[in-house]
Amino acid sequence: HNFSHSGTTTADPSNTASTAIAPHLNGGGNLYFVDDNQTYIAQRRGYHTNVWAQFLPSAYTTYAGFAYDGSAERYFGVVDNQKAYPITYPYAVGTPIDMSAQAAPFRFASDGTHLYNLNGTNVHKYDMSNQTFVSTADISGKVSGTDATGIAYNSGNSSFYVLDKTNSQVHVYNAIWVWQSTITLSNSPHATETLVSLSIGMNSLWVLTDANIHLYDISGTYLT
C-alpha cells in the first residue's frame, strides 16, 4: 500500500513539518518510523490498524537511523551527539554506541548481534553486546557520495540491501559485504519522488519516499 506520510507520521495530524526518515517492518506486521522533527519524535503505525503512538523519549532531537535487534531492543540514532541508543519499550534507554569516530548516525540495520550504520559510501559495524566499533565496509563500487539512502538486513539469506536514491536500484551484499546483485525497482520512483529509506520483509521491499511508501516483491516488481 502507498501511505501518504505528510501529516500522518506524527501524533498530531495537523503537523506537516515533520518528516519520516527511517522505517522498519517487524515480525508482527507493524511499520515503525523515526521522525526527525524535534517535537513529534517517533511513532509506529500498525499496518492493519492505522494506530500511531509515540514510543521514543523526548529528551533527544535530530533523530536519524532506526533498527530492531530481532528480540527486544530497538536502536535509534541521535545526530547531535553521534550516538546510537538501545531502547526497550517503553522508554528504557540503555548504554549508547559512540559513532563519533566513524560517522554520524544516518540509516541503521541490524543482524541481531551487530548494528550497521550506513553513511555515505561506508557501512560501519558495531557490536551491540559491548557497544564497540568492529569494522567498516566500503560500498563505493556501487554508490557515490550521499546517494545511498537506505539499508536493510534480510535474515532469510543473510544479506544486506542498500537503496540508491538516484536510480531506484537496490544493491545486494552478502554477510561480508561482497556485492551479489542489483535489483531495479520496476516503477522507477526516483523519477517523481525523493527516495528516503528502505525496509525489508520476508519476501518484500518497502521503500519510503517523500510522498509514499511503495511495496515491491523481493525482485523489485511493484505491487502497490
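I begin with N212, which sits in the loop that links strand 19 (204-209) to strand 20 (213-217). Please keep in mind that the structure under discussion is a predicted model. N212 has a relative accessibility of 17%, and because the cut-off for burial is under 20%, it counts as buried. Its side chain also makes a polar contact, at 3.3 Å, with the side chain of E193.

Let me turn to the strands on either side of that loop. Strands 19 and 20 run antiparallel and are joined by five bridges. Within this pairing, L205 stands opposite Y216 of strand 20. Both strands belong to an open sheet of three strands, ordered 18-19-20, with antiparallel pairing. Strand 18 (195-200) and strand 20 form the edges, each pairing on one side only. On average, and with direction ignored, neighbouring strands of this sheet are turned by 25° against each other.

I now move to the nonpolar cores. The largest comprises 14 residues, and those touching the most other members are Y116, L118, V123, I139, I151, V162 and W177. Two or more residues each come from strand 11 (114-119), strand 14 (148-154) and strand 15 (159-164). Of the contributing elements, strand 14 gives the most, namely three residues. Another core, of 13 residues, lies apart from this one; its members include V170, I183, L185 and V207.

Which residues does I151 contact, leaving aside its neighbours within four places in sequence? They are R107, F108, A109, Y116, L118, V123, Y161, V162, W177 and L198.

How values were computed: Residues are numbered from 1 along each chain as its sequence is written. This is a predicted model: local features need pLDDT of at least 70, side-chain atom pairs count only at pLDDT 80 or more; totals for chains, interfaces and linings use all residues. Side-chain values use heavy atoms; hydrogens and water are left out. Helices (H or I, at least four residues) and strands (E, at least two) are DSSP runs, numbered from the N terminus. Buried means under 20% relative accessible area, exposed over 50%, partly exposed in between (1.4 Å probe, protein chains only). A polar contact is a pair of N or O atoms within 3.5 Å; within protein, one must be able to donate a hydrogen and the other to accept it, and residues adjacent in sequence count only if both atoms are side-chain atoms. Two strands pair if DSSP finds at least two bridges between them. Axes are lines fitted to C-alpha atoms, for helices over the stretch in contact, and angles run from 0 to 180 degrees between N-to-C directions. A nonpolar core is a set of buried Ala, Val, Leu, Ile, Met, Phe, Trp, Tyr and Cys residues joined through side-chain atoms within 4.5 Å. Contact means heavy atoms within 4.5 Å.
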